[in-house]
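Please consider the structure shown below before reading on. This briefing is arranged by topic.

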Amino acid sequence: MALFNPSRDEVRQFFFDAWAKFRQQQGLTDLEKMAVGIMHLHPEYQAILDAPDQHLQQAYYPEMGETNPFLHMSLHLSIQEQISINQPTGITQAYGKLCTRYQEEHEAQHALLECLAETIWLAQRNQTGLDAAHYLQLIEQRAGIAPST
């Protein structure tokens, strides 16, 4: 798998493989452990993960109200990594505030996930790179933190 720019199928295969290794009680890498933790937060995806042949090529249409489980889990992984290294600077503090507000880490991650998804969507729509300043602004607004200068 390409480390920094995996294909759609490589991302999906990563999740399928991590789930299969977990179910077979095989050793997991640290990233696979994080992914399996996310899978446990989303039991609604586990039947999909149990059927890779059926779901590897599955299309998901947001305009029809469908959530892409692989995109959702990937965004969770991104958020968890960002929190662990505090990048963008301030995300860890914002996450702490959101955990207090929501009384649950999973819901706090979903709040950050929405900020990340919007930032990615804007970059795709505008055909630009990710706007880290806008992303941090969204995070700070969501967490009720005064904007950084």
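The points below concern a pocket, aromatic rings and salt bridges.

The model is predicted. Its largest pocket holds about 1500 Å³ of space. The structure also contains 5 aromatic pairs and 4 salt bridges.

**The largest pocket**

- The lining of the largest pocket is made up of 40 residues. Leu71, Ser74, Leu75, Ser78 and Ile120 are those that lie nearest its centre.
- At least two lining residues come from each of the helices α1 (8–23), α2 (30–41), α5 (69–85), α7 (105–126) and α8 (132–143).
- The greatest contribution to this lining is that of α5, with 10 residues.
- Sorted by class, the lining has 25 nonpolar, 11 polar and 4 charged residues.

**Aromatic rings**

- A pair of aromatic rings is described by two quantities, the distance of the centres and the angle of the planes.
- The count of aromatic pairs is 5. In the pair of Phe15 and Phe70, the ring centres are 6.5 Å apart and the planes stand at 50°, so this pair is tilted.
- This pair links distant parts of the chain, since Phe15 belongs to helix α1 and Phe70 to helix α5, 55 residues apart.
- Both Phe15 and Phe70 are buried.
- One aromatic cluster is formed by Phe14, Phe15, Phe16, Tyr60 and Phe70.

- Side chains of opposite charge can pair when their charged atoms come close.
- Lys21 and Glu32 form a salt bridge in which the closest N and O atoms are 2.8 Å apart. The pair links distant parts of the chain, with Lys21 in helix α1 and Glu32 in helix α2, 11 residues apart.
- Glu32 has a relative accessible area of 9% and is therefore buried, as buried means under 20%.
- A salt bridge also joins the side chains of Asp50 and Arg23, at 3.5 Å from N to O. Asp50 lies in the loop between α3 (46–49) and α4 (52–55), whereas Arg23 lies in helix α1, 27 residues apart.
- Asp50 counts as partly exposed at 41% relative accessibility. Arg23 has 52% relative accessibility and so counts as exposed, the cut-off for exposed being over 50%.
- Arg142 forms a salt bridge with Glu114, and their closest N and O atoms are 2.9 Å apart. This pair connects helix α8, which holds Arg142, with helix α7, which holds Glu114, 28 residues apart.
- Arg142 is partly exposed, with a relative accessible area of 28%, and Glu114 also counts as partly exposed, at 43% relative accessibility.

Conventions. Residues numbered from 1 in each chain as written. Predicted model: local features only at pLDDT ≥ 70, side-chain atom pairs only at ≥ 80, totals over all residues. Heavy atoms only, no water. 1 Å grid on protein atoms, 1.4 Å probe; cavity = no way out; pocket = protein on both sides within 12 Å on 5 of 7 lines; lining within 4 Å. Points joined across faces, edges and corners; volume = space filled by probe spheres on them. Helix = DSSP H or I, 4+ residues; strand = E, 2+ residues; numbered from the N terminus. Nonpolar A, V, L, I, M, F, W, Y, C, P; charged D, E, K, R; others polar. Phe/Tyr/Trp six-rings, centres within 6.5 Å; stacked < 30°, edge-to-face > 60°. Buried < 20%, exposed > 50% of the residue type's maximum accessible area, 1.4 Å probe, protein only.
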